[in-house]
Amino acid sequence: MNTREIMVLTIICIISGFCLFAVHNLVKERIEKTENTEMIRLLSEIFPSSEFAEENGIYLARSKENGELEGYIAMAEGKGYGGSISLMIGIHKDGTIKKVKILKQGETPGLGARITEENFLAQFEGKSVDEVMLKRDGGTIDAISGATISSRAVVEAVREKMLELAYLWRSAG
Amino acid sequence: MKEFTKGILKRNPIFYLMLGLCPTLAITTAVENALIMSAAFLFVMIPSAAIISMVRRWIPRNVRIPSFIVIIATFTTIIDLLIHGFLPRFYEVLGIFIPLIVVNCIVMGRVEAFASKNPVRESILDAAGMGIGFSAAIVVVSIIRELLGRGYVEIFGYTVIPSFTRSPIGVMILPPGAFLTIGIIIAIFKKKGLLKGV
């Protein structure tokens, strides 16, 4: 490489760097804001009339009116048939499930991807840890036919997270 | 004008040059993804070609490829940031395929083969033609895949083609569906003699 080649490339990189710096500064706030509102939107779908405060990755839902604790929301990951499945679990303060939502999944469309359907997810509502198992494993959740791996991944992820939370609460007194 | 129209049909980047197949396979599962991808792609392709054509005389031969990549990467990163900020829903779906426009063979190929050797006006026309050719191709492929694979076409919340079947052909949404669709389209084009040199 001669000096001229190095100079040209350096100048191009510097100009590019400045352009990106400027654009990044412009949209930075916007990106943070959309991610924040997106999170709150998702949380509100589980506890519609609550405000949220994060504590060690767990969201505490408190009533907007009197500030009373309504429940908790935690994130969990499961290992599905097509990669990881991330989900959100809302739990009443008595330890039963309020709602389970799938945030991201890469399961087979028409089969495993049906874990996002209301029919499947509604089964979790009101269940306690001991009931969150597939029927064939001795629990109360019906697997989606033809998609046992995906169904089990969701059930296991929910169950593990609930056990973990229960442990945390117990040790916290 | 020839520079503009050649990319749209005769030398369509996907159906004739068969470049950029990777994003085509990945994002044509829904028409709206294809539309956003097309917009992002044009946003990168046209200014990159224009700027590279403008500075083509100052860039020494030996460092032209890294220079082109830096310029293309700059525009790609800008559009990536904008989509992240303003269209978060699509940022999720299109994910890695927006940053990958940098190494999209169509952009790199046209810049190297055309913009680095031709005046600005022609370069812009060439880039626009190729960009629109790519966009048209992915939109057509995605319409076919979404229609057959999901049974209806929905764009930004509006149902464009209502559901006509209760048992859509699921495989069309999967990667093999993209290969089948592209293969059949190329076969039809060849049969009709629409592509150049066939």
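Over how many bridges do β3(A) and β4(A) pair, and in which sense? The legends below take up that question along with others, and everything shown comes from a predicted model.

**View 1. The five-stranded sheet of chain A.**
Here we look at an open sheet built from five strands, running in the order β1-β2-β3-β4-β5 in chain A, with antiparallel pairing. Two of the strands sit at the edges: β1 (50–55) and β5 (97–104) of chain A have a single partner strand each, so one side of each is left without a neighbour in the sheet. As a reminder, strands in a sheet pair through backbone hydrogen bonds, in either a parallel or an antiparallel way.

**View 2. A helix lying on the sheet.**
Helix α1 of chain A, residues 3–46, packs on the sheet. It touches β1, β2, β3, β4 (83–92) and β5 of chain A. Compare directions and you'll find that α1 makes about 145° with β5(A).

Now zoom in on β2 (residues 58–63) and β3 (residues 69–80) of chain A, which pair in the antiparallel sense over five bridges. A:Tyr59 has A:Ile73 in β3(A) as its bridge partner, and A:Leu60 stands opposite A:Tyr72 in β3(A). β2(A) and β3(A) make a hairpin, with five residues between them. In that turn, look for A:Gly67, whose phi is positive, at about 75°.

**View 3. The hairpin of β3 and β4.**
Back to the opening question: β3(A) and β4(A) pair over ten bridges, in the antiparallel sense. One of the pairings joins A:Ala76 to its bridge partner A:Leu87 in β4(A). This is a hairpin too, and β3(A) and β4(A) have two residues between them.

**View 4. Where chain A meets chain B.**
How many residues of each chain are in contact here? On the chain A side there are 19, and they are in contact with 21 residues of chain B. Sort the chain A side by class and you get eleven nonpolar, four polar and four charged residues.

**View 5. Chain B as a whole.**
Chain B has eight helices and two strands. Reading from the N terminus, its elements go α-α-α-α-α-α-α-β-β-α. Its C-alpha atoms fill a box of roughly 60 × 45 × 25 Å along the principal axes. Of the contacts in chain B with a separation of 6 or more, 74% come from residues 24 or more positions apart.

**View 6. The largest nonpolar core.**
Which residues touch the most other members of this 47-residue core? They are B:Met37, B:Ala40 and B:Val44. Elements giving two or more residues to the core include α4 (64–86), α7 (120–150) and α8 (175–192) of chain B, while α3(B) gives the most, with eleven residues. Up close, B:Met37 touches B:Pro23, B:Ile27, B:Leu94, B:Phe97 and B:Ile138, leaving aside residues up to four places away in sequence. There is also a second, separate core of 28 residues, and among its members are A:Val100, A:Val132, A:Ile141 and A:Val154.

Terms used. Residues are numbered from 1 along each chain as its sequence is written. Chains are lettered from A and ligands numbered from 1 in the order in which they are written. This is a predicted model: local features need pLDDT of at least 70, side-chain atom pairs count only at pLDDT 80 or more; totals for chains, interfaces and linings use all residues. Two strands pair if DSSP finds at least two bridges between them. Helices (H or I, at least four residues) and strands (E, at least two) are DSSP runs, numbered from the N terminus. Two residues are in contact if their C-beta atoms, placed from the backbone, lie within 7 Å. Axes are lines fitted to C-alpha atoms, for helices over the stretch in contact, and angles run from 0 to 180 degrees between N-to-C directions. Ala, Val, Leu, Ile, Met, Phe, Trp, Tyr, Cys and Pro count as nonpolar, Asp, Glu, Lys and Arg as charged, and the others, Gly among them, as polar. A nonpolar core is a set of buried Ala, Val, Leu, Ile, Met, Phe, Trp, Tyr and Cys residues joined through C-beta atoms within 7 Å. A residue is buried if 20 or more other C-beta atoms lie within 10 Å of its own, exposed if 12 or fewer, and partly exposed in between; C-beta atoms are placed from the backbone.
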